[in-house]
Amino acid sequence: MANRRTITGFSNPTVKFLRSLREKKFRKQSGKFLAEGLRLLTDARAAGRLPEVLVMATARDSHPLLDALEADVLAAGGEVLEMGPDLLAKITGKDNPQAVAGVFAEFDTSLAALDRSAARIWLVAQALRDPGNLGTMLRTGDAVGAGGLVLIDDCADPFSVEAVRASMGAVFTQGIALARWDEFLPWLRGGPGQLVAASLRDAVDYRTAPYAAPCFLMVGNESRGLPAEYELACDLRVTMPMKGRADSLNAAVAAAVLAYEALARLDG
């Protein structure tokens, strides 16, 4: 079949291209990103997103989900590549790569693509630098039924291999928007939406706060927190009690705690 190829050489241009997707510069140039593992790709398929290129190890176990994925990719006009595990390891950067990976087109990450009425809770992160935290926030958003994650200012790349892996498939189920603060705030104020900050500045206890949907829960940078002007622009500032010596929670953990509390209050 014209849409199926076997690759054997490390110097093959396709291998070089796939390897390049581990770097942000090349992801942006091509508008593509890499996801690995049958579970991730199956979640993507369930969310209506198929890879443009499906990469499979030649020495792989047969699996009905992989067979279904392969059939759908081919039916959609995509390409299936087969290669040895050593080549696949070169592409994913892992010594023991999962037996399948996929190349996806990046999604529309504009604020205009978000439908704020689609969910009661949205997550917002400002200057989040760790891709693992970013992926965890996407996973949290999926768990609480959030509409998506808005990334403010200079955040880690949500389409990096590390963030996609940490999201456990939520990169395909959650809306993702990238914006500067001076773009986000006017967009938010252009419609319904309560902006809530995790903060210590004139904050109320997160367990008694008057959350209102659609609720945009915002956390700041892992080490610096939110800038003061961002906190002051919020409708509500909430704090979580710290019983030990630590003065704050991990950003992704804080987002999860807030999201579940807000969800419980909105449900109640």
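**Asn221.** I found Asn221 in the loop between strand E11 (215-219) and helix H9 (228-232). Helices (H or I, at least four residues) and strands (E, at least two) are DSSP runs, numbered from the N terminus. I kept in mind that this is a predicted model: local features need pLDDT of at least 70, side-chain atom pairs count only at pLDDT 80 or more, and totals for chains, interfaces and linings use all residues. Residues are numbered from 1 along each chain as its sequence is written, and side-chain values use heavy atoms, with hydrogens and water left out.

Is Asn221 buried or exposed? It counts as buried, because its relative accessibility is 5%; buried means under 20% relative accessible area, exposed over 50%, partly exposed in between (1.4 Å probe, protein chains only). Not counting residues up to four places away in sequence, I saw Asn221 touch Gln126, Ala127 and Arg129 (contact means heavy atoms within 4.5 Å). A polar atom of the Asn221 side chain lies 2.8 Å from the backbone oxygen of Ala127.

**Helix H6.** Next I checked the length of H6 (residues 131-144). Its 14 residues at 1.5 Å a residue should span 20 Å, and the end C-alpha atoms are 20 Å apart, so the two agree. (The expected span is 1.5 Å times one less than the number of residues.)

At the N-terminal end, Asp130 caps H6, with a side-chain oxygen 2.8 Å from the backbone nitrogen of Gly132. Gly132 counts as partly exposed, because its relative accessibility is 26%. Just after H6, Gly145 takes a positive phi of about 75°.

Which parts do the buried residues of H6 pack against? I listed strands E6 (121-126), E7 (148-152), E8 (175-179) and E11, plus helices H7 (161-167) and H10. Among those buried residues are Leu134, Met137 and Leu138.

**Cores.** Met137 turned up again in the largest nonpolar core, which has 54 residues; Met137, Phe172, Tyr211 and Leu217 have the most contacts inside it. A nonpolar core is a set of buried Ala, Val, Leu, Ile, Met, Phe, Trp, Tyr and Cys residues joined through side-chain atoms within 4.5 Å. Helix H10 (residues 251-267) gives the most to this core, with 8 residues. Apart from it I noted another core of 20 residues, including Trp187 and Met218.

Methods:
Polar contact = N/O pair within 3.5 Å; in protein donor to acceptor, adjacent residues only side chain to side chain.
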